[in-house]
Amino acid sequence: MTPALRARVRNLTAGIVAAAAALSASGGWAQTPSGPTSFTLEQVRSYPFPNELTAAATGARIAWAMNERGSRNIWVAEAPAWQARRLTSYTEDDGQELTSVSLSPDGRHVVYVRGGDHSSNWDDALPVNPAASPMPIEVAIWTVPFAGGTPMSLGAGEAPAISPGSDRVAFERDRQVWSAPIDGSAPATRLFIARGANGDVRWAPDGRALAFVSNRGDHAFIGIYRDAQSPITWMAPSTSRDGSPRWSPDGARIAFVRRPGTGGAPAPSLGARHQPWSVWVGDVAAATARQVWKAPETLRGSIPTTHGTTNLHWAAGERIVFLSYEDGWPHLYAVPPAGGTPLLLTPGSYMAEHIRLAPDGRSLVFAANAGEAADDLHRRHVVRAAVDRSLAEVVTPGEGLEWSPVMTGDGQWLAYISATAQRPPQVTVRAVAGGDARLLAADRVPADFPAGALVVPRAVRFRADDGVEVHAQVFEAPGGPAKKPAIVYVHGGPPRQMLLGWNYSDYYSNAYAMNQYLASRGFVVLSVNYRLGIGYGYEFHRPPQAGAQGASEYRDIKAAGVFLRTLPQVDAAKIGIYGGSYGGFLTALALGRDSDLFAA
């Protein structure tokens with residue numbers, strides 16, 4: 001969790017606990033559980049949280065970051081023993097996140113970024129300083145041997161990309177592209193100077209060239225850098241915004257995404273409009289390119305805004321894979337480099353996210369709310385899909401949740417993060433050929449973590465006053481009085497989805513823990529997935545008159561309160577509401593518009 005989010009959670013937690021106490025105490029009722037099912041807020045939030053899972057391009061080695069009560073470190077494991085090892089020794093809760101974790105192709109080094117506030121609403125490269133130190137920790141790239149050793153800084157920078165030869169790291173610093181030896185044996189050097197913000201570096205398969213994006217504001221180019229003596233090549237430069245360069249396996253071509261440049265008459269701020277985009281393929285030697293696919297000129301055909309946006313990949317068998325919302329769900333499609341009709345790879349009513357190409361390029365693994373059970377719409381499972389036919393298989397079915405899948409370089413193992421409604425997230429591996437899954441670093445979960453005392457939330461549906469179907473989860477512990485106080489939880493984002501178990505976001509895993517704690521204190525908690533969120537198709541994700549165009553999503557929040565009133569065990573006079581970020585905005589709307597429904 002980033003420092004800003006950590007501070008927000010702490011403040012929000014204090015407010016929630018105070019408001020909940022006031023809500024339960026009003027009217028003379030308060031419940032203080034005791035016995036085997038009682039636990040503290042500290043206990044339920046003591047779980048370690050893994051993320052940034054990655055695998056080497058060869059062999060069977062994986063690495064990840066793990067946050068243990070604010071102390072973040074790099075962990076590794078390898079086949080066949082899969083014994084988890086902590087590779088770094090950061091012991092302070094200093095707010096310095098670990099991101100961009102990657103293994104060198106040969107598996108001998110782990111590279112990562114320490115510091116910053118990534119996925120925030122401001123510059124990711126700015127240092128964070130929760131301790132108010134006179135000299136804040138800079139956002140820097142670090143390297144450490146997989147076998148163990150002292151981490152070495154490669155200097156300030158962001159977005160590292162390791163060379164195919166596993167010997168160098170290219171990265172972004174001060175809007176330019178720099179490079180350093182992966183072992184830190186020499187200082188980093190700037191490769192070139194170009195106008196604009198230069199980044200999204202991609203090595204050619206032979207390691208002799210770099211593709212990058214040069215963002216000039218209202219337009220952007222794909223550049224190709226070879227060496228200090230050769231001029232930079234600009235791939236079919238225009239006034240368009242080009243991005244997401246992806247090399248072909250032979251290094252002769254580059255696929256990329258093209259969007260129109262900005263400027264001209266301002267577009268109306270009210271009402272939805274198509275956001276055009278297309279896939280192009282360029283010839284590296286000639287620096288020419290042509291369009292091979294253009295998105296349908298419909299609202300659904302707009303550039304996707306779910307995880308990874310277009311998720312462009314150059315796969316095996318002359319297949320370019322991308323994500324599109326054109327059929328109403330974020331699905332994967334494949335098109336030949338010569339162009340043609342795209343092939344839908346992932347048919348069905350589910351979304352695909354956290355998408356990775358397998359080492360051999362012949363399949364993709366991703367997380368999806370897919371499966372045979374109706375409630376799988378509110379979960380995540382690992383799915384594997386071929387790149388040349390409509391063949392997608394859920395490989396981790398069941399009542400658990402699985403996300404962030406990667407295949408090891410030897411193609412023999414699948415690694416992912418898994419959880420259940422009661423067990424917090426843990427890195428997991430299983431053989432691709434089948435067999436039992438193994439939980440890694442399971443001993444890091446504190447002995448007093450109250451897994452057995454947690455409730456299993458149940459999925460519910462109800463309708464807003466305009467007929468829109470709304471999905472939610474109910475948290476309720478058994479027992480208690482005949483009439484209980486209730487609380488509506490409103491997630492932020494708003495493109496998020498709360499699930500029937502621990503969430504794959506560190507921020508929302510904390511919200512899940514809070515909902516479990518409130519349920520243990522005798523509240524009925526309703527976690528509502530309102531329109532503007534993901535997981536339920538395009539029309540739910542991009543509804544009319546929503547957000548700044550009319551806040552139609554508030555209808556779903558009000559409907560959640562009304563739904564709670566219909567439950568016989570809920571005290572209709574004691575319904576509270578809380579949320580953070582966009583959820584805080586909707587909480588404010590609830591208190592301002594319907595204070596007769598929401599009491600606190």
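Visitor: Does A236 count as buried or exposed?

Guide: Start with the cut-offs: buried is under 20% relative accessible area, exposed is over 50%, and partly exposed lies in between, using a 1.4 Å probe and protein chains only. A236 has 17% relative accessibility, so A236 counts as buried. Keep in mind that this is a predicted model: local features need pLDDT of at least 70, side-chain atom pairs count only at pLDDT 80 or more, and totals for chains, interfaces and linings use all residues. Residues are numbered from 1 along each chain as its sequence is written, and side-chain values use heavy atoms, with hydrogens and water left out.

Visitor: Where is A236 found?

Guide: Helices (H or I, at least four residues) and strands (E, at least two) are DSSP runs, numbered from the N terminus. A236 sits in the loop between β16 (233-234) and β17 (241-247). Its backbone has a positive phi, near 45°, in a residue other than glycine.

Visitor: What is the phi of A159?

Guide: A159 has a phi of about 50°, a positive value although A159 is not a glycine. This residue belongs to strand β9 (residues 158-162). A159 counts as partly exposed because its relative accessibility is 32%.

Visitor: Which peptide bond is cis, with omega near 0°?

Guide: The bond from A79 to P80. P80 lies in the loop between β3 (71-78) and β4 (85-86). A cis bond also joins G493 and P494, with omega about 0°. P494 is in the loop between β35 (484-490) and α3.

Visitor: What does G492 touch?

Guide: Contact means heavy atoms within 4.5 Å. Residues up to four places away in sequence are not counted, and G492 then touches Y508, Y530, G580, Y582 and G583. Take Y582: G492 and Y582 are 90 residues apart in sequence, yet 4.4 Å apart in space, C-alpha to C-alpha. G492 is in the loop between β35 and α3. With a relative accessible area of 1%, G492 is buried.

Visitor: Which residues are in contact with H471?

Guide: Leave aside its neighbours within four places in sequence, and the list is L377, H378, V460, R461, S527, V528, N529 and Y536. H471 lies in strand β34 (residues 469-475). Its relative accessible area is 7%, so H471 is buried.

Visitor: What joins the side chains of Q569 and E476?

Guide: A polar contact of 2.9 Å. The term means a pair of N or O atoms within 3.5 Å; within protein, one must be able to donate a hydrogen and the other to accept it, and residues adjacent in sequence count only if both atoms are side-chain atoms. Q569 lies in the loop between α5 (554-566) and β37 (570-579). Q569 is buried, at 16% relative accessible area. Beyond four places in sequence, Q569 touches R458, E476, A482, K483, K484 and V524.

Visitor: With which side chain does D448 make a polar contact?

Guide: That of Q43, at 3.4 Å. D448 is in the loop between β32 (438-439) and β33 (458-463). Its relative accessible area is 41%, so D448 is partly exposed. D448 and F171 are 277 residues apart in sequence and 42 Å apart in space, C-alpha to C-alpha.

Visitor: How many residues are in the largest nonpolar core?

Guide: A nonpolar core is a set of buried Ala, Val, Leu, Ile, Met, Phe, Trp, Tyr and Cys residues joined through side-chain atoms within 4.5 Å. The largest has 55 residues, of which L53, I62, W64, W82, L440 and W502 touch the most other members. Helix α3 (residues 506-520) gives the most to this core, with nine residues. A second, separate core of 32 residues includes A546, A551, L589 and A590.

Visitor: Where is A551 placed?

Guide: In the loop between α4 (538-541) and α5. A551 is buried because its relative accessibility is 8%. Apart from neighbours within four places in sequence, A551 is in contact with Q545, A546 and L589.

Visitor: How many residues line the second largest pocket?

Guide: Rolling a probe the size of a water molecule over the atoms shows where empty space is left. The second largest pocket is lined by 23 residues, with A272, R273, Y538, R542 and Q549 nearest its centre. On a 1 Å grid over the protein atoms alone, where a 1.4 Å probe fits, a pocket is an open set of points with protein on both sides within 12 Å along at least five of seven lines; lining residues have an atom within 4 Å of a point. The space in this pocket is about 550 Å³, a volume being the space filled by probe spheres set on the points, which are joined across faces, edges and corners. By class, its lining has 13 nonpolar, seven polar and three charged residues. Here Ala, Val, Leu, Ile, Met, Phe, Trp, Tyr, Cys and Pro count as nonpolar, Asp, Glu, Lys and Arg as charged, and the others, Gly among them, as polar.
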